[in-house]
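The points below should be read alongside the sequence and the model.

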Amino acid sequence: MSGIGLISALDVAVSGMFVSQMATQVINHNIANANTPGYSRQFLRIGSQDPLQVTYGSIGRGATSLGVERAQNDFLQQQLVDQSALLGDYTAMDGTLRSVEEVLGGLDNDRIRTAMGEFFEAWQGLSLDTNSDGAREAVVGATANLARQFNQIDSSLAQIERDTRDTFEAYVTDVNAMLNRVADLNGRIVAESAGGHRPNDLMDQRQQVLDALAETTRFTTNERGDGSVDVMIEGRAVVTRSHVNELRVQESTTADGGRVQEAVFGGKNPVVVPFQAGALAGYQRMSNDMVPGIRAQLDELASEIIRRVNDLHESGVTAEGVGVSLFNGNSAATMSINEAVANNNRLVAAGRDGTPGDNTLAKDIANLGATVVDGHDRSLDDMYFTFIGGVANDRGLYDSLLSGQQGIVESARTRLEAEKGVNIDEELANLVIYQRSYEANARVVRAVDEMLATLVGII
Amino acid sequence: MRVTNQSVARNLIFEISRNYDRMNMYRLQVSSGKSINSFADSPRDIGRLKRFDALQSYNDQYLRNLTNARSKLEAVDTSLQRMAGEVAGLRELVQSQVSEGITNADTRANVANQVRGMRESFMAFANQQIEGSYLFGGFRNNRAPFSLVGDEVAYNGDDRDPSVQVGPTLELATSVSGDEFMGTDAAVMAGTTELRPRIRAGTQLADLNAGAGVAMGSIEIRAGVDPPVTVDLTGSATVQDVIDRINAASGGSFTASINADETGLQIVGPQPVSVGETLGGSTAGDLGLRGTTTGTLLVGDAIQPRLDASVDFAEMRTLDGELPLGTLRIVIDDVVTDVDLSTANNLGEVRAEIQSLIPDMDLLINDGSISLSLDRDASFRSESPPGDDTAALLGLSGEASPTRSFQVFQDVIDALEADDTEALRQTLVEIKDVHDHLVGLNVQIGGRQNTLDNQEAVLMEREQTLMVERSRIEEVDLVNVATRLTFAETTYQASLASAAGIFQMSLLDYL
């Protein structure tokens with residue numbers, strides 16, 4: 001086709017019809033994917049074809065497609081990643097602390113305080129009637145129950161600690177899978193881009209993986225000219241083009257004997273990833289610090305109960321001789337009733353000199369809960385209230401952080417969605433435009449056809 | 001801003017679920033009646049709620065202990081009454097024997113046997129038990145405290161009284177140990193005058209309440225309709241410290257000082273004053289200040305320190321203007337001893353003066369009064385020589401004889417069997433003493449029962465306070481929450497309806 005004429009006018013009209021058809025196709029694709037998660041709205045970039053230069057000026061040659069592009073906003077995307085990471089972190093913390101609250105019995109079923117109360121009540125009961133075998137047996141029962149409650153709660157907390165460790169490991173595996181998927185998509189995107197196409201849908205898939213990754217950990221991305229995306233977690237490159245630097249879980253022991261679980265990357269000299277946000281950070285904080293901390297406080301309470309009760313009880317005298325220890329063990333897990341006492345309730349000492357009616361020791365032990373013993377600054381009850389108050393504070397903190405963060409993430413998502421999402425009404429309106437444009441071009445074809453018919457009729 | 005279908009849907013779901021959560025929260029509050037249902041609902045209140053739980057359970061325990069103490073005291077009370085009844089019966093029998101003067105040996109033997117029977121039932125009451133523990137055995141309460149060995153009664157208990165805890169700082173003895181009415185050969189005459197030292201600005205708080213001290217915490221003072229003032233007294237050491245702290249906190253609306261009797265504190269205000277505890281405390285009660293006055297002067301209860309041998313007589317208000325002391329006359333078996341106390345400045349010196357003349361007499365110092373005891377099987381009388389009132393001043397005016405509850409039965413039997421009417425007549429004095437002693441113990445038990453009643457009222461009030469405080473923290477304002485629930489339900493329904501509306505709208509309908 002060269003020169004100016006009716007045929008070239010026909011070409012112009014056809015280019016318009018082509019573009020309209022393509023645009024309609026893109027709109028169809030948008031409408032079809034309106035509900036696809038992570039889908040970015042695509043649009044046809046249209047330009048005019050280079051004009052034909054003739055002696056008296058330039059004449060347009062119609063429209064042409066400059067490519068299908070995808071709506072995106074990197075700033076909002078990064079915001080969403082950052083906020084999602086915090087959400088993942090708070091979700092992990094909140095969920096675990098909920099479990100801790102459940103284990104402790106919450107508000108209405110406070111297992112430790114109830115067992116402590118029953119223990120002190122049993123001693124009061126014995127002080128009322130030191131000759132009663134039943135009252136003595138009640139002390140044995142309450143002692144065993146107190147120890148058992150501590151054992152069970154500690155074992156449940158240990159289970160939570162193990163669960164958080166397992167979850168952390170599972171998340172690391174997930175992260176590696178996601179990073180591999182990103183690297184894989186990087187490779188395909190680079191290959192397709194080299195062919196001159198923009199692989200929008202592959203890029204959407206990659207974005208979807210990155211969105212999922214955001215809840216797990218905070219990261220930044222860097223898009224290269226070839227279309228691939230590098231991923232950095234806390235400043236360390238984990239995906240470079242198609243290469244993945246996988247995370248590994250490693251456990252170490254701290255100076256004070258605690259177990260610490262970390263994720264590292266690199267081979268010979270592995271570097272610890274300092275997670276700051278995301279589910280990984282949350283679970284790591286729970287399993288390395290919070291649950292062990294809660295258990296340590298529980299141990300402290302248990303060992304104080306054991307020590308203070310034993311100190312008094314050993315100063316007692318029974319018909320069988322001098323007082324023995326009432327509890328064995330020195331922590332929540334090891335606390336137990338002295339087997340000898342469990343088997344012979346006559347070893348329960350109510351008094352200090354073996355006289356049957358002497359109830360002075362029973363009263364003193366019964367008062368251990370509320371009174372501050374010499375040499376200590378807090379009563380056992382106070383210790384417990386501080387402990388439970390601390391757990392409640394953490395629980396409240398992460399509960400409110402979580403509900404606030406849900407709103408923040410939602411609004412970040414809405415803003416991003418506003419940039420890249422599909423509005424069907426908008427697409428339909430565009431469809432009308434291109435439909436009409438197609439019709440108009442078709443009319444031009446008919447007009448040219450008529451003109452050509454006229455021309456042919458003359459011949 | 002572009003609004004996309006997905007973000008509309010997501011927002012709707014987010015908002016609907018948030019409305020649903022809120023509605024659920026109010027539903028839970030209405031159905032549980034509590035605004036705090038988990039730690040997260042109000043973290044800073046959790047520790048306090050747990051403390052209330054603990055205080056409540058302790059309070060319940062004190063109430064249970066109190067019920068237990070009451071039943072023990074009632075049993076003690078009944079036994080003591082019956083024992084006094086037996087002794088009264090003995091007195092009637094002896095009186096009729098003395099007045100009728102029957103000398104028939106068979107009759108006397110019969111009467112003696114009757115007395116033996118009385119002793120047996122007296123002992124049965126003394127050996128009463130409740131729930132397997134003997135009432136009058138002291139700490140040795142797992143076997144009968146009294147047993148008859150020949151004609152002698154042996155006591156197998158000890159002299160300690162088991163006590164029960166009926167309040168955070170209150171223990172109450174639930175019995176008297178049997179040696180109290182087993183009797184000794186010693187004659188004891190209890191003094192009647194209150195001699196406790198007066199309260200001074202510099203008096204240590206630890207010495208107050210007969211040495212029991214003061215549990216230092218905060219007290220709440222309310223003057224008229226002004227908002228209550230909470231005064232933190234922790235760390236105070238002397239009475240003056242307490243007065244200073246109260247006055248510093250009063251802002252001029254009331255003034256604390258030592259009361260006119262110097263037995264305790266008082267608070268004066270231009271308006272009626274009321275003093276109470278802050279939660280869980282006993283400071284106001286320990287300071288004798290707990291109470292309300294309709295006038296403007298709240299006079300506190302007596303809280304003086306314990307009496308001891310070294311307190312200078314000048315510190316005893318009852319002796320004001322009466323010093324130096326005069327002479328105490330003690331008559332033992334018609335032997336008169338005059339003890340010159342004019343140089344004595346304290347009770348220790350009085351004791352020394354008495355013992356220098358009567359070595360087996362002792363001056364016993366009780367919480368707030370003194371007693372004389374004679375370690376000899378003899379009666380004695382204490383009085384003042386004519387024109388002197390020293391005995392009355394010290395509360396030591398009267399007679400005492402040994403009280404030997406069981407021995408008195410034997411004395412009667414012996415007198416009957418020996419046909420000694422004079423000896424029989426002599427036993428009447430002893431019988432009266434024993435009877436009085438038993439009645440005295442009974443009064444003491446009655447006093448403890450009153451203490452229990454008061455303490456029960458205190459515990460009940462405390463329980464009420466705890467419940468009110470607790471519900472103030474955790475109970476829902478039902479009207480408020482029910483209204484909010486209705487709102488939340490309406491909002492939820494509206495959000496569902498608008499969701500349905502939004503999804504129905506589409507440009508497709510118009511093309």
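Which residues in α10(A) are buried?

1. In α10(A), the buried residues include E427(A), Y434(A), N441(A) and V448(A). A residue counts as buried if 20 or more other C-beta atoms lie within 10 Å of its own, as exposed if 12 or fewer do, and as partly exposed in between, with C-beta atoms placed from the backbone. Helices (H or I, at least four residues) and strands (E, at least two) are DSSP runs, numbered from the N terminus.

2. The model is predicted: local features need pLDDT of at least 70 and side-chain atom pairs count only at pLDDT 80 or more, while totals for chains, interfaces and linings use all residues. Residues are numbered from 1 along each chain as its sequence is written, and chains are lettered from A and ligands numbered from 1 in the order in which they are written.

3. The buried residues of α10(A) pack against α1 (6–32) of chain A; here contact means that the C-beta atoms of two residues, placed from the backbone, lie within 7 Å. The 35 residues of α10(A) should span 51 Å at 1.5 Å a residue, and the end C-alpha atoms are 51 Å apart, which agrees. The expected span is 1.5 Å times one less than the number of residues in the helix.

4. Helix α3 (residues 111–128) of chain A has 18 residues and should span 26 Å, in agreement with the 26 Å between its end C-alpha atoms. Because 15 of the 18 residues of α3(A) are buried, this helix is largely enclosed by the rest of the structure.

5. Chain A comprises 10 helices and 15 strands. Its radius of gyration is 37 Å, well over the 23 Å that the globule rule gives for 459 residues, so chain A is more spread out than a compact globule. The radius is taken over C-alpha atoms, and the rule is 2.2 Å times the number of residues to the power 0.38. The C-alpha atoms of chain A fill a box of roughly 140 × 50 × 35 Å along the principal axes, and 41% of its 459 residues count as buried.

6. Chain B has 11 helices and 20 strands.

7. Between the chains, 45 residues of chain A are in contact with 46 residues of chain B. On the chain A side, the elements that give two or more residues are α3, α9 (380–420) and α10 (424–458). The most come from α9(A), with 15 residues. By class, this side has 14 nonpolar, 17 polar and 14 charged residues; Ala, Val, Leu, Ile, Met, Phe, Trp, Tyr, Cys and Pro count as nonpolar, Asp, Glu, Lys and Arg as charged, and the others, Gly among them, as polar.

8. Chain B holds an open sheet of four strands in the order β9-β8-β12-β13, with antiparallel pairing; two strands pair if DSSP finds at least two bridges between them. The edge strands, each pairing on one side only, are β9 (229–232) and β13 (291–292) of chain B. Five bridges join β8 (residues 218–223) to β12 (residues 273–277) of chain B, and R222(B) stands opposite S274(B) in β12(B).
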